[in-house]
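Please read them with the coordinates open.

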Amino acid sequence: MRLYFILILSFLSILAGHAQNQTLLKGAVTETRVSNDTLDLPYSIYLPSGYNSEKPSKVIFVFDPEGEGVRAARLFSAATEPDDFVVVSNNFPLHESIDSLDANANRAILVMRDVLLKIPIEQTEVYLSGLRSGARVASAVSYVVTQATRLLVVDDVYFANRFARRAGRNLVMGLVGRSSPNYYQMSDYFYLVGSFSRDNELYAYEHTGEWPGAALLRVMINRLKHLNAERLDKNIADSIYAGDYQRDLDALKILISEKEYLTGYDLIKDVKSDYRGYVDLDGVRDLQRSVRRSEAYKEARRAERNGSIEEQLLLEDLDYFLEEDFVMANFENLGYWDERIRRFEAAAANDAKPREQQVARRILGFIDYQIQDFLFLNTTNLIPQRIFVNVLNTILHPDATESYLNIISLSAKDQDYNTAYFYLEELLKRGYADYESLYSIPETELLKIKPTYNELIKSYLGRAKY
């Protein structure tokens with residue numbers, strides 16, 4: 001991701017005026033849109049019942065991967081009421097590909113700018129949240145929008161080393177599905193941002209790839225709000241703390257009733273710490289004791305501890321051998337990786353063994369994470385290594401068109417024409433039919449005029465250039 005669209009966006013310049021072209025309803029979701037010469041972007045906006053147009057409001061921008069802005073706005077309004085959060089969410093889908101992150105972030109900033117022109121916003125109370133590709137958008141936007149530094153990322157995140165300084169200013173809460181392929185990627189990210197501030201925390205939840213329920217969102221948003229107030233040394237009225245505490249306590253009870261024992265218990269401890277010195281904590285202490293004594297919690301914690309040891313050993317083993325094979329371009333080990341990946345895929349599809357299924361999905365995500373990280377960091381030289389990693393990616397993702405094209409290009413540059421022919425045919429077997437692109441692959445000036453190359457294309461697509 002280049003993030004060329006903007007370097008710094010100051011909210012001060014945006015807040016100079018407020019244009020109100022449409023009536024926005026209080027206590028309801030309004031569907032509206034922002035347009036320019038090339039884009040027409042629909043989005044949803046929720047104004048709280050107590051909204052006052054003369055008073056700057058807190059706002060949370062929610063980036064939904066499917067573009068279901070109305071549903072997302074209602075979910076977050078349920079999580080934040082009766083607080084005075086304005087909730088904004090996109091009614092257009094966000095592309096999943098990392099190559100689309102620039103375009104997604106551009107659109108997100110256009111929506112944010114439109115909202116900031118319509119309603120007065122408290123600059124120190126701008127929050128971002130997103131799910132999957134929406135989480136990547138939220139984190140990317142936080143690196144370039146100077147005041148949008150409070151984040152709740154769900155089941156994915158975007159980070160690059162060049163944004164480390166900007167990431168250090170952020171206050172970040174994360175939720176990752178227990179079976180998420182992004183589990184280890186997010187763990188690595190939160191290990192980094194945890195070094196910037198111990199307030200940055202990652203929690204697991206059950207429903208991988210979906211928005212969590214309003215109860216869990218409520219607790220997470222309240223944690224962000226209170227930690228933000230501490231950072232800014234803001235005074236919060238005792239009555240507000242008391243109301244937040246009671247709603248958090250009710251939400252934690254819902255989490256436990258939904259069998260989120262581990263996440264619920266971890267949040268109970270953190271919530272107790274957040275409210276210490278502000279309210280009477282007897283209620284949350286009683287809940288903590290009740291959960292700790294329950295057999296369901298004890299069993300869940302035992303299973304996690306036992307499984308974590310085995311999983312960590314497996315992870316260390318895979319990490320070592322992946323790194324070694326990447327560096328050595330060990331093509332002889334491709335059969336080994338093919339077998340291991342197939343076993344993990346079988347386990348990931350086996351609902352009868354949920355713990356093994358969970359681990360397998362996380363491990364497959366870890367292998368993918370390592371592959372993509374290597375390819376992103378190594379774009380020149382290391383030709384055998386890059387061929388090896390691209391081949392491994394086709395084993396993990398048989399329809400990864402870009403990897404087949406990369407292998408053809410790298411093999412042609414290395415004058416390994418047999419490898420190029422093999423992966424050209426593998427690509428064509430999978431139904432690839434972009435005729436022109438097969439003659440514009442980089443480094444194939446000599447390859448594409450060879451008879452074998454053209455005969456392969458003609459046998460599948462019915463024509464050839466040479």
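1. The model is a predicted one.

2. The largest cavity draws on three helices, α2, α7 and α8 (238-257), each of which supplies at least two residues of its lining. The biggest share comes from α7, with 4 residues. The space inside is about 50 Å³.

3. Residues that line this largest cavity include Ala79, Thr80, Glu81, Pro82, Asp83 and Phe85. Also in the lining are Arg218, Ile221, Asn222, Lys225, Asp244 and Arg247. Sorted by class, the lining of the largest cavity has 6 charged, 4 nonpolar and 2 polar residues.

4. The structure has 2 cavities of 30 Å³ or more. Among the residues around the second largest cavity are Phe61, Val62, Phe63, Val88 and Phe92, with Ala108, Val111 and Met112. The class count for this lining is 8 nonpolar, 2 polar and no charged residues.

5. Does the length of α2 (residues 69-80) fit, or depart from, what its residue count predicts? With 12 residues at 1.5 Å a residue, the helix should span 16 Å, and its end C-alpha atoms are 16 Å apart, so the two agree.

6. Buried positions in α2 are Gly69, Ala72, Ala73, Leu75, Phe76, Ser77, Ala79 and Thr80.

7. Searching the whole structure gives 24 aromatic pairs. In one of them, Tyr404 and Tyr423, the ring centres are 6.2 Å apart and the planes are at 50°, so the pair is tilted. This pair links distant parts of the chain, 19 residues apart: Tyr404 sits in helix α15 (residues 401-413) and Tyr423 in helix α16 (residues 417-429). Both Tyr404 and Tyr423 are buried.

8. One aromatic cluster is formed by Tyr143, Tyr158, Phe159, Phe163, Tyr189 and Phe190.

Note on methods: Residues numbered from 1 in each chain as written. Predicted model: local features only at pLDDT ≥ 70, side-chain atom pairs only at ≥ 80, totals over all residues. Heavy atoms only, no water. Expected span 1.5 Å × (residues − 1). Buried < 20%, exposed > 50% of the residue type's maximum accessible area, 1.4 Å probe, protein only. 1 Å grid on protein atoms, 1.4 Å probe; cavity = no way out; pocket = protein on both sides within 12 Å on 5 of 7 lines; lining within 4 Å. Points joined across faces, edges and corners; volume = space filled by probe spheres on them. Nonpolar A, V, L, I, M, F, W, Y, C, P; charged D, E, K, R; others polar. Phe/Tyr/Trp six-rings, centres within 6.5 Å; stacked < 30°, edge-to-face > 60°.
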